[in-house]
Amino acid sequence: MSINDKDIKLSILDIGTKLQGNTARETLKDSIERIQLADELGYTRYWFAEHHNTANQVSTSPELMIAHGAAHTKRIRVGAGGIMMPNHSPLKVVENFSLLEGLHPNRIDLGIGRATGTDHLTAYALRRSREAVMSYDFPEQFNELLSFFQRNFPADHPYSKIIPIPDEPDHSLIPDMYMLGSSTGGVEFAINEGLGFAFASHLAPHLAIPVLRAYRNNFKPSTLLSKPKSILTTILITAETDEEAEFLAGPVELSWARLHTGDIYSPFPTLEEASQHIYSANENAARVQNKDRFIIGGIQTVAQKLRYLAKETMVDEIMIMEYYADKGASQKSYRMLAKEFNLKGS
């Protein structure tokens, strides 16, 4: 199976990167301006990530950003990419996202993650339970989440009498749900429970094609989703020419090289800093290893790569991870991509 080039949908993943010289307030303001632009241009959805205790990311509460982003846009779907379930009570997630779906009907997505998105100490501070942090109980959390949404606990289950939110008879306050994955683990939950699936190819580029094909070929329809819906997430930097794109990609390449050599505290590099940086041997090795994590090039170069990936992974949609050090370049890139892929904006 393949999809027509013109049918490729594009979306954006926002991890709340704080640029040098910006405050947290300015970073949040930029996110809202970006989602409004995406809404105007015809992007399908805009997701906010969840990370904790990071030096450069203002992305701790996707549900709050979803509420604000949806209230300031008209048609784009808004969601979490994702909610990291080990940090949360399934009941509270259902309460939050039922309310969001009620406030913004047919526009809310819930991406479900199996990891914590943080370190062990911060995970403990979030949950206040050493047992919860040290154990792997995602399958139980996942089943509770689905049962709370669908109100289908067995009659003798202790949670069967809990009402997350007074709902209509058809349980209409259920957002679209996606399992997140960067390995072979998360996809099994999406396949067996009949949910959408989003694969983070920037974390495991070599697995993107086989895992997304496995999802498409083995999907089991459910009451939540009758046909498979899949998304490939990637870090993409584009501009009018390959040379300009390589320059704009300098900060993300340097940032990830530092990350993979243990530097998690340096601020996100500026364009000037990245262009003048002399890589250490370890940083350079990491940079080379990271090459497949990014799609970098002029608009025609990246468009060709995206069409190839969409065909090979059999996805409906490609989600671009926001990683520009220059606000103007970011906005320009989204306009070029919207034009190249014939997105239907306002």
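Three cavities of 30 Å³ or more were identified in the predicted model, a cavity being a set of points on a 1 Å grid over the protein atoms alone where a 1.4 Å probe fits but cannot get out. Grid points are joined across faces, edges and corners, and a volume is the space filled by probe spheres set on the points. The largest cavity holds about 140 Å³ of space. Its lining, defined by residues with an atom within 4 Å of a point, comprises 15 residues, and Thr17, Leu19, Arg34, Glu322 and Tyr324 lie nearest the centre. Two or more lining residues come from each of helix H1 (24-41) and helix H14 (327-340), with H1 giving the most, three residues. Helices (H or I, at least four residues) and strands (E, at least two) are DSSP runs, numbered from the N terminus. By class, the lining of the largest cavity has seven charged, five polar and three nonpolar residues; Ala, Val, Leu, Ile, Met, Phe, Trp, Tyr, Cys and Pro count as nonpolar, Asp, Glu, Lys and Arg as charged, and the others, Gly among them, as polar.

Residues are numbered from 1 along each chain as its sequence is written. Local features need pLDDT of at least 70 and side-chain atom pairs count only at pLDDT 80 or more, whereas totals for chains, interfaces and linings use all residues; side-chain values use heavy atoms, with hydrogens and water left out.

The largest pocket (an open set with protein on both sides within 12 Å along at least five of seven lines) has a volume of about 1,200 Å³. Of its 45 lining residues, His51, Gln57, Gly117, Leu203 and Met321 are the closest to the centre. At least two lining residues are supplied by each of strand S3 (77-84), strand S5 (176-181), S6, helix H10 (250-259) and strand S9 (317-321). The largest share, four residues, comes from H10. The lining of this pocket divides into 21 nonpolar, 19 polar and five charged residues.

Arg45 is located in strand S2 (residues 45-48). With a relative accessible area of 3%, Arg45 is buried, where buried means under 20%, exposed over 50%, and partly exposed in between (1.4 Å probe, protein chains only). The Arg45 side chain forms polar contacts with the side chains of Asp109, at 2.6 Å, and Glu317, at 2.7 Å. A polar contact is a pair of N or O atoms within 3.5 Å; within protein, one must be able to donate a hydrogen and the other to accept it, and residues adjacent in sequence count only if both atoms are side-chain atoms. Beyond four places in sequence, Arg45 also touches residues including Ile76, Tyr178 and Met319, contact meaning heavy atoms within 4.5 Å.

Pro205 lies in the loop between strand S6 (196-200) and helix H8 (208-218) and is partly exposed, at 29% relative accessible area.
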